[in-house]
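Please load the model in your viewer and keep the selection panel at hand. The stops below go from the whole chain down to single side chains.

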Amino acid sequence: MTPDDERFDAKTTVLIETVGHHIDEEENDWFPKVRDALGRKELQEIGARMLEVRATAPHRPEHPGSLKKAADALLG
């Protein structure tokens with residue numbers, strides 16, 4: 001679809017609203033629950049592990065298999 005398509009504006013608006021809702025849900029629902037369930041120490045350990053594997057994580061997610069490679073790098 002190109003910006004000239006008659007449905008482009010409507011689809012873009014829906015995408016923006018969906019992403020905004022997702023972000024709000026993460027910040028106000030999921031993240032507080034994860035913080036409560038895991039605690040500061042475990043979250044810091046997860047953060048440290050993410051920094052370690054960052055260098056080997058795929059940088060071009062448009063390639064097939066990138067999501068699996070990213071998950072494998074994080075979950076080891």
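The tour that follows begins with the overall fold and then turns to selected residues.

Before selecting anything, note that this is a predicted model, in which local features need pLDDT of at least 70 and side-chain atom pairs count only at pLDDT 80 or more, while totals for chains, interfaces and linings use all residues. Residues are numbered from 1 along each chain as its sequence is written, and side-chain values use heavy atoms, with hydrogens and water left out.

**Whole chain.** Show the chain as a cartoon: there are 2 helices and 0 strands, these being DSSP runs numbered from the N terminus (H or I of at least four residues for helices, E of at least two for strands). The radius of gyration is 17 Å, well over the 11 Å that the globule rule gives for 76 residues, so the chain is more spread out than a compact globule; the radius is taken over C-alpha atoms, and the rule is 2.2 Å times the number of residues to the power 0.38. Along the principal axes, the C-alpha atoms fill a box of roughly 50 × 30 × 15 Å. Of the 76 residues, 4% count as buried, where buried means under 20% relative accessible area, exposed over 50% and partly exposed in between, with a 1.4 Å probe and protein chains only.

**Aspartate 5 and arginine 7.** Select this pair next, which forms a salt bridge with its closest N and O atoms 3.4 Å apart; the term requires a side-chain nitrogen of Lys or Arg within 4 Å of a carboxyl oxygen of Asp or Glu. Aspartate 5 is partly exposed at 24% relative accessibility, and arginine 7 is partly exposed at 45%.

**Aspartate 29 and lysine 33.** Moving to helix H1, you will find these two residues 4 residues apart, and therefore separated by about one helical turn. Aspartate 29 is partly exposed, with a relative accessible area of 27%, whereas lysine 33 is exposed, with 53%.

**Lysine 41 and glutamate 45.** Further along helix H1, this pair is also spaced 4 residues apart, about one turn of the helix, and the side chains meet in a salt bridge at 3.8 Å, N to O. Lysine 41 counts as exposed at 61% relative accessibility, while glutamate 45 is partly exposed at 44%.

**Methionine 50.** Finish by selecting methionine 50, which lies in helix H1 (residues 8-53) and counts as partly exposed at 43% relative accessibility.
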